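Visitor: Please take one part of this model and go through it closely. I would like the contacts and the cut-offs behind them.

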Amino acid sequence: MFRHLFRAGFVALAIGLVACGESAPTAPDVSVELSPTADLTLPPDGGTCPDVYYEQTELLDNGVTVAWTSTIAGFEYAEGTDYVGTVNWSVDQGSTEYTAFTIRNGRNAWTPRGKGGDDVNGTMTPGTAGAGTVDVTVNMTPMHASEDDYDLDGINDWEGQIGNGHFWLRLRVDDGEGDTENVKLGVNFHLEDPADGFGSRCPS
């Protein structure tokens with residue numbers, strides 16, 4: 001499953017590399033729902049790596065192209081601690097108004113899930129949005145135990161805990177001529193906590 005998710009995640013995320021009860025928005029009730037990115041799983045590179053940010057773009061019905069941080073991946077996370085990631089967005093014309101950053105509804109807000117139920121859970125706290133940016137704090141506990149033998153030699157090349165949080169970045173997008181859309185843009189946090197004796201792993 002790990003390799004399958006890796007392939008699915010990179011197909012969805014290969015667009016670009018950069019560095020999921022709110023009050024109803026005041027804009028017209030025209031909603032565009034963009035699916036959150038797939039769980040991100042990555043092969044090891046044999047060393048330590050920094051956090052990585054992936055960007056995605058979407059052409060809206062009103063002709064505006066919006067770009068946003070779709071995935072943030074941290075590889076040296078300590079389970080149960082606060083992790084802060086910065087979500088950015090921009091448009092090629094018109095303007096945006098930040099309305100909210102929310103957890104994605106449903107049973108898959110935190111993944112992976114085991115057969116018996118939730119394997120990963122956590123909390124999400126959005127900061128105060130500025131001009132096209134908002135800091136988001138995620139704290140995951142518990143996480144999902146994972147291991148992989150990439151060389152298929154019977155010896156695990158990586159062991160540790162992994163977890164994904166799926167959220168919505170909600171914006172009101174104006175094309176500059178008064179045609180507005182309310183959009184929900186999927187944002188995924190992928191965090192890994194390597195087991196003792198195993199290093200962090202990065203995208204190849």
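Guide: Phe101 touches Val87, Met124, Pro126, Val134, Val136, Phe167, Trp168, Leu169 and Val187, leaving out residues up to four places away in sequence; contact here means heavy atoms within 4.5 Å. The model is predicted, so local features need pLDDT of at least 70 and side-chain atom pairs count only at pLDDT 80 or more, while totals for chains, interfaces and linings use all residues. Residues are numbered from 1 along each chain as its sequence is written, and side-chain values use heavy atoms, with hydrogens and water left out.

Phe101 also belongs to the largest nonpolar core, which has 29 residues; together with Val138 and Leu169, Phe101 touches the most other members. A nonpolar core is a set of buried Ala, Val, Leu, Ile, Met, Phe, Trp, Tyr and Cys residues joined through side-chain atoms within 4.5 Å. Buried means under 20% relative accessible area, exposed means over 50%, and partly exposed lies in between (1.4 Å probe, protein chains only). The elements that give two or more residues to this core are strands S3 (65-74), S4 (83-91), S10 (133-140), S12 and S13 (180-194). S13 supplies the largest share, five residues. Strands (E, at least two residues) and helices (H or I, at least four) are DSSP runs numbered from the N terminus. Apart from this core lies another, of six residues, including Cys49, Val52, Tyr54 and Cys202.

Charged pairs complete the picture. The whole structure holds three salt bridges, each defined as a side-chain nitrogen of Lys or Arg within 4 Å of a carboxyl oxygen of Asp or Glu. In one of them, Arg172 and Glu97 meet at 3.5 Å, N to O. This pair links distant parts of the chain, 75 residues apart: Arg172 is in strand S12 (residues 158-174) and Glu97 in strand S5 (residues 95-103). Arg172 counts as partly exposed because its relative accessibility is 23%, and Glu97 falls in that class at 37%.

Asp118 and Arg113 form another salt bridge, with the closest N and O atoms 2.2 Å apart. Asp118 is partly exposed at 48% relative accessibility, and Arg113 is partly exposed at 25%.

Glu192 and Arg201 also meet in a salt bridge, at 2.9 Å, N to O. Glu192 has 0% relative accessibility and therefore counts as buried; Arg201 is buried too, with a relative accessible area of 0%.
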